[in-house]
Structures are given as structure tokens and as C-alpha cells.
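I opened this notebook page to record what I looked up, term by term. The structure comes next, and my entries follow.

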Amino acid sequence: MTDRPDDELVLAAARGDPGAFAFLVERHHGALMQFVCRFLGLADRNQAEDLAQDVFLAAWKAAPTFRPRPGVLVLSWLLRIATNICLNYRRGACLRVAASLDRDPCAVPESADCAEPEITALAQERAECVRAALAELPPMQRAALILREYHDLSYAEIAEVIDTSVSAVEALLFRGRSRLRDLLTAEEFEPPPQVFPDWRAESL
Amino acid sequence: MRCRKAKQLVSARKDGELDAARGVALRTHLEDCPACQQAADDWAGVSAALAVLETPEPRPGFTQRLIVRLPTRQIGRSVWSEWLEALRPAPLAADGLALAAGMLMAVWMNGEQRQPAPPPGDPTQTVYVESFDPLPDGSAAAKYLSIVTESGR
Ligand SMILES: [Zn+2]
């Protein structure tokens, strides 16, 4: 691994250096794969990996137009490309998780999925409920929530990725959390009790 | 302060994004409002629920599989690249020029690559951002989209 900073690697990639780009890919492919998987509710690891590859191919093509800015992470730039690709993907292909809301048997994760092999059936069911609830959120709320909860981005960084203001991010997270809470506690959603654990007891 | 606003501020406080002034206003509201005091538990519950999702990792060889797919970029020491190199360390005043040079160069390189046309339905080809505000001119994403469309022609 190299300790060259991200923006230097992108600039080298812009000059046609695939080796520099490989370091950048190694550094961020996990985060991008996770974002794509969660944003689209994919249970199929191969599908998520194909999309993550598309994100990096688009980044390679866009590298000559990249301009480093103070306070703006290269990861934000990559996540922004990923968000655009996910949104376009969703328009073209049916969202797999939408089927899971109808309890489509095809939506049950198979062996080559995002899940770890030792994951239990119960945990899989819980994860499926959360994936389905996330898919119910409007894209902006979903993106903001994923970037905050899983990627630990600040409001300013999230605003950069989804092209909005910091105060809009605050409102998006509030609305997203409210909707998720309602979805996960709604009776018709039928989550197993563990999906929304008894956090009141835990947090005391 | 209305309860809806207070609950939003509790959400911001959980993320460490609440400034001191709003923090004081929130504390005042919470002292008299048990309903909003519960919001902190609600948001913690949402985080706990989200934590059940597994963390997918790319399979080994992800980077190698990607690198062999990268279209080559033929730059060399051309007039364009020398011009760009000269402009790169320049201060803000030259930014517009460097940007224009970058755009020209990117368009020129895309012409040089002679890539096969992308297959129909390529997700990067659709210049559309669902429910997002229009991309501001000069933003990285706007440039990204302009390049992507350019290469598809
Ligand atoms: Zn209140």
C-alpha cells in the first residue's frame, strides 16, 4: 500500500497511471461496495460488485476533470459517482428489494450474497426487514442515512455527496429516521421483535 | 420551539452536529417535554436496527479485475498536457483557465481512446439524477456527467 494521499492518486490516474488508480481502488472498494449494496438493497454480492466496478470505471473516466478542493474528500467524490450510478441503475432495473416486500421467494438471499456465511437464519430475516425498510425511504433520505450511519460522514461531507446544504442534510436525516422508526415498528411490516430491539432497556 | 423541531435537533445532537446556541434552546425545551426526551431513544433504536445489516466485502481480486478493464489513456507529452502542467500549481486566478484546459483535454482524450460505444442501458449514460437538485455548473459531478455523455456520442 502507498501512503500517497487520495487526491494525488486521482491526479495520477488522470494522467493515465493505472497503478496509482489501483491504490485508490484498494483503499475505497469496500466502502463503495457497501454503499451500493445498502442503497439498492442488494442481497446479491455479484451484482453489488459489478456496480462497484462500474463506479470505479466512471471515476477513471472522470479523473481528468477532478479538481481537489480543501475539505472535500476524494471518497465523497467517489460516493457521489456511486449515488448517480445507483439512481440510474434503479431506473433501468427493478429494485430487488421491492420484491422482498412482497415476500418474493427470489428475494431470499442465496449462498453468494452479501451475508457472511455464518449468519443465522434469524439474522438474515432481520437484515431483510431492515433492507426493505431502507428501500422504502426516498432516495435523498436513504443516501443521507446510509452515509451517516454506515460511513460516518459529517453533515458537510454528506451535503457534498448528495449536492445539498448542511441544513437540508439535518432535515433529511430527521425525516429518514422518523420514517424508519415508523416502518420498523409498524404492525403490518411484521418485523421479528429483534429487528427493533428493546433499546429502551439497553440505553438506561 | 416546536416538538418537531426539537426532535430534529435531538437527531443532530446524536450526530455531534448541534452548535452551542441550539443546544441550549433544545435543553430548555427538553426540560418540560417528556415526549421529546424520548426522541433520543428513538434515534438510538434506529441506529441499533441498522446495525443488523451485514458488511459485504469485495471478493479478492476485485482491483485486478477492474484494472484490466480500464480504457487506456494516451496522454504523453503533448501541448495540452504541458499547458495543464504549467497551470496546475497556479493560484485561484488561473482556475478558470485550468478548468477549461481540463475540459478540453478530457474531451480530446476521449476522442483519442477510440473506445467501443458503451452498450445500451449503460447506467453511466443516463444523465438523470432522481429527485436531486440540478448539478451546479462547475461541480465535479456536472463535469463527470458531461464527460460521460461526451464519450457516449
Ligand atoms: Zn417537545
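Does D19(B) count as buried, partly exposed or exposed? I found that D19(B) counts as partly exposed, at 38% relative accessibility, where buried means under 20% relative accessible area, exposed over 50% and partly exposed in between, with a 1.4 Å probe and protein chains only. I also noted that the side chain of D19(B) meets that of R22(B) in a salt bridge (3.1 Å, N to O), a term that requires a side-chain nitrogen of Lys or Arg within 4 Å of a carboxyl oxygen of Asp or Glu. R22(B) counts as partly exposed too, at 25% relative accessibility.

Ground rules, for my own reference. This is a predicted model, in which local features need pLDDT of at least 70 and side-chain atom pairs count only at pLDDT 80 or more, while totals for chains, interfaces and linings use all residues. Residues are numbered from 1 along each chain as its sequence is written, chains are lettered from A and ligands numbered from 1 in the order in which they are written, and side-chain values use heavy atoms, with hydrogens and water left out.

Salt bridges, continued. My search of the whole structure gave 17 of them over all chains. I looked up E149(A) and R177(A), whose closest N and O atoms are 3.0 Å apart in a salt bridge. Because E149(A) lies in helix α7 (residues 139–149) of chain A and R177(A) in helix α9 (residues 166–185) of chain A, the pair ties together parts that are 28 residues apart in sequence; helices here are DSSP runs of H or I with at least four residues, and strands are runs of E with at least two, numbered from the N terminus. R177(A) is buried, with a relative accessible area of 0%, whereas E149(A) counts as partly exposed at 22%. Through shared partners, salt bridges join R148(A), E149(A), D152(A), R177(A) and D15(B) into one network.

Chain A as a whole. I counted ten helices and zero strands in chain A, and 58% of its 204 residues count as buried.

At least three residues come from each of domain 1 (1–97) and domain 2 (108–191) of chain A, the bounds being taken from an automatic or database domain assignment.
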